[in-house]
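Please take a look at the structure below.

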Amino acid sequence: MTRPLRSNFEPGTTRWAMRRAQWRAMGLSAEDEVKPKVAIVNSSSGLASCFSHLDGIVAPLKAAIRSAGGVPFEVRTAAPSDAITSAGRAGQYILPSRDLVVHDIEVAVEGAQLDGMVCLASCDKTAPAHLMAAARLDLPTIVVACGYQATGRYRGEHVDFEDIFLRAGHVASGRLTVAELGEMSECAIGGPGVCAGMGTANSMHIACEALGMAMAGSTPVRANGDRMWRAVHRAGTRIVELVDEDVRPRQILTPDAFRNAVTAILAVSGSVNCLKHLQAVAVEAGCDVDIWRLFEELAADVPLLTGVKPNGDRHVDEFEDAGATPALLKQLAPLLRLDAPTVTGPRLGELLSDVRVADPEVIRPLDDPLARHPAIVVVRGSLAPDGAIIKRTVADDAPLRFRGPARVFTSREEGLAAIRRGEVRRGEVLVLRGLGLRGSPGMGLTSAFVFALDGAGLGEHVAVITDGQLSGLVNKGLVVGEVAPEAATGGPLGLVEKGDEILVDVRERRVELLVDEEILAARRDRLPLPVPAVGCGWLDVYAREVGPLTEGATLGGRLPQPTAGSGGGP
């Protein structure tokens, strides 16, 4: 079915005349006026290698859209890089940047009343932001994953960005010198693209395809590789057809689609950040699904089929060469909703009918998986009534049950200083709080703290519990992340005191604060109410507007408001 184009205004109106004058000056013809107008959403930046190749993708994509009968317009948005943007405010800008990108897209595309979008996704926050914007605007959209970076070698061994991230925590303990870390950093990245591991970026790229919002066979891919360029051309052609056929994201982002995406993420042991991102997309799509409950429901049935770093020893290029996301979905087919629609055109089952797995040792069959334990575990209990997340590797070598006394830190820097001073003891449960959506605000990054523990040789001998966020490349030790509700909104994490006994049981999916309720009630009465954010900076706006993690941390959601005597201080 062909629908009227939003971008075409009635001749003779003010809007028609203003638009005509502007676009004539840009070289558009009278024939162009009646064609579909397609936004190329380019989250490009010269600050990070994640995005440094995106500008080069725009011209070929424009050519493909023009050849298909459309008129392309490049739209630029913010381009947050976890490696670069995390420097300011202890990483607090990282998660809020996702929603800033969504609003950027809304202003540019909805304001101009364009007809469709092709979104160039790269680093961690861009893919979820593009999906959220597509769901919010409900315009024909294709997400193009722009690929992962080439890696290097250091002293004859493979080295990548994850190794730099991890080994930086080893310097303070003397396990690595500053000079050695510097040498590694010079050769770890061999070109543009996202981190070459199963971190948040590649996980969310896979999720885009599993949801049906990326072209079949387009994730994950080498940046500037042949498969990426084929995907770019196919997307440019297909987006004009989607506009013509009036195929919209909310027709694709169904409960079945989200179920398929969760299944895929569990099978690759994807990033823990996928939970909040997928929930945010569902919220924007008006789709009534609970992503946390889906992970809990499916965990027992979805085995781990591949072990890409940091979960195992495989590299992401091996995963791509083995057949990438289509091969993964082929192996998972008995667990998937195969009638789910896709932007490619055919239903998911039809797309998988001719798929072959090039290397079943890399992407294993369901009846011969790498591991059968859940790759991502949602835990609940008195310390996390609304849930928290634990990541498990192929080897599953972190403790599965841990009980110990609490040591409490209220900032990442405080925790890092304690590690450097040798104050952290084996057997302790390290509580890193006040880093949630409101408490930071924006969710502070706690990855450096986890890697510092590993560098100090403590990773397997302590447990970490935090309401902050973790990089998708963090997979060391027993870490309970993104505890909800957070300390700053009255969550039990804010009541923990030094020496309190805490129990983490992975198999039973429990995280418990073993303190009598009478004692906790007295502590609640003593806690001050949080000071509301009153400034006009982006983090202040975010702190006032952000909803809870269980609603995807989207803006405009409502957090429970602490009242006098109910706690709320970090």
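The questions turn to a pair of helices, then to cavities, then to pockets.

Q: What kind of model is this?
A: This is a predicted model.

Q: Why is α4 called roughly parallel to α11?
A: Helix α4 (residues 126-137) and helix α11 (residues 274-285) pack at an angle of about 15°. Angles under 35 degrees count as roughly parallel. Therefore α4 is roughly parallel to α11.

Q: How far apart are the axes of helix α4 and helix α11?
A: The axes are 7 Å apart.

Q: Is the crossing of α4 and α11 left-handed or right-handed?
A: α4 passes α11 in a right-handed crossing.

Q: Which residues make the contact of α4 with α11?
A: From α4 come Pro-128, Leu-131, Met-132, Ala-135 and Arg-136. From α11 come His-277, Ala-280, Val-281, Glu-284 and Ala-285.

Q: What makes two of the residues in the contact of α4 with α11 charged?
A: Arg-136 of α4 and Glu-284 of α11 take part in the contact. Glu and Arg count as charged. By class, the contact has seven nonpolar, one polar and two charged residues.

Q: How many cavities of 30 Å³ or more does a search of the whole structure find?
A: The search finds two. The largest cavity has a volume of about 90 Å³.

Q: Which residues line the largest cavity?
A: Among them are Val-272, Ile-389, Ile-390, Lys-391, Leu-470 and Glu-482. β8 (384-391) and β12 (478-484) each supply at least two residues of this lining. The lining divides into six nonpolar, three polar and three charged residues.

Q: Which elements give two or more residues to the lining of the second largest cavity?
A: They are α17 (447-455), β11 (463-466) and β12. α17 gives the most, with three residues. The lining includes Val-450, Leu-453 and Asp-454. By class, the lining has seven nonpolar, two polar and two charged residues.

Q: How much space lies in the largest pocket?
A: About 810 Å³ of space lies there. Of the 37 residues that line the largest pocket, the closest to its centre are Glu-162, Leu-166, Pro-310, Asp-313 and Lys-476.

Q: Which element gives the most to the lining of the largest pocket?
A: α5 does, with four residues. β6 (157-159), α5 (161-167), α6 (178-187) and α17 each supply at least two. By class, the lining has twelve nonpolar, ten polar and 15 charged residues.

Q: Where does the largest share of the lining of the second largest pocket come from?
A: That share, three residues, comes from α7. The lining residues divide into ten nonpolar, eight polar and three charged.

Conventions. Residues numbered from 1 in each chain as written. Predicted model: local features only at pLDDT ≥ 70, side-chain atom pairs only at ≥ 80, totals over all residues. Heavy atoms only, no water. Axes fitted to C-alpha atoms, helices over the stretch in contact; angles between N-to-C directions. Parallel < 35°, antiparallel > 145°, perpendicular 65-115°, else oblique. Left-handed = near helix turned anticlockwise from the far one by under 90°. Contact = heavy atoms within 4.5 Å. 1 Å grid on protein atoms, 1.4 Å probe; cavity = no way out; pocket = protein on both sides within 12 Å on 5 of 7 lines; lining within 4 Å. Points joined across faces, edges and corners; volume = space filled by probe spheres on them.
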